[in-house]
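Hi,

Here is the structure I promised to pass on. Have a look at it first, and then read on for what turned up.

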Amino acid sequence: MASLDVDEHWEKLLSESEKHCVSFARVILNRPQWLVMDDTLPQLDPDARDRIVTLLRGPLAHLGLIDIGNGGTPQGVFTRTVEILAGEGVAL
């Protein structure tokens, strides 16, 4: 907390996991109806991921959540999933 008033280039100093945690802090403060994530949970360290999942199941349970990823999200995080596979006539 001592660094909150320090003016730095935090995007260069924070780890990717820390940047994602700051993003989730913004979600808690703004309480949007929907959140779109791009393969975020697998990029978090295990402790941060557990805290975020607890938030998603508790205070952020109202959130409509779309997670776009490659399947690296731990099992049981989402109640429903849709898997879109490349097939005939589909280009990725």
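This is a predicted model: local features need pLDDT of at least 70, side-chain atom pairs count only at pLDDT 80 or more; totals for chains, interfaces and linings use all residues.

**A serine tucked away**

Let's start with Ser17, which counts as buried because its relative accessibility is 9%, and the cut-off for buried is under 20%. You'll find Ser17 in helix α2, which covers residues 16-30. What does Ser17 touch once its neighbours within four places in sequence are left aside? The contacts are Gln43, Leu44, Asp45 and Ala48.

The mean pLDDT of the chain is 80, with 87% of residues at 70 or more. Confidence is highest in β1, at 88, and lowest in helix α1 (residues 10-13), where the mean is 78.

**The core**

Now for the inside. The largest nonpolar core has 13 residues, and the ones touching the most other members are Phe24, Leu35, Leu41, Ile52, Leu56 and Leu63. Two or more residues each come from α2, β1 and α3 (46-57). Which element gives the largest share of this core? That is α3, with 4 residues.

Apart from neighbours within four places in sequence, Leu41 is in contact with Arg49, Ile52, Val53, Thr73, Val77 and Phe78.

**A nonpolar patch outside**

There are nonpolar side chains on the surface too. Trp34, Val36, Ile66 and Ile68 make up a patch there, and together they have about 440 Å² of accessible area. Strands β1 (34-38) and β2 (64-68) each supply at least two of the patch residues. Trp34 belongs to strand β1, and it counts as exposed because its relative accessibility is 57%.

Most residues other than glycine have a negative phi.

Are they buried or exposed? Arg31 is partly exposed, with a relative accessible area of 45%, whereas Asp39 is buried, at 15%.

Cheers

Terms used
Residues are numbered from 1 along each chain as its sequence is written. Side-chain values use heavy atoms; hydrogens and water are left out. Buried means under 20% relative accessible area, exposed over 50%, partly exposed in between (1.4 Å probe, protein chains only). Contact means heavy atoms within 4.5 Å. Patches are made of residues with over 30% relative accessible area and no salt bridge: like charges are joined within 9 Å, nonpolar side chains (Val, Leu, Ile, Met, Phe, Trp, Tyr) within 5 Å. Accessible areas come from the Shrake-Rupley method with a 1.4 Å probe; for residues, only the protein chains shown count as cover. A salt bridge is a side-chain nitrogen of Lys or Arg within 4 Å of a carboxyl oxygen of Asp or Glu. pLDDT is the predictor's confidence in each residue, from 0 to 100. A nonpolar core is a set of buried Ala, Val, Leu, Ile, Met, Phe, Trp, Tyr and Cys residues joined through side-chain atoms within 4.5 Å.
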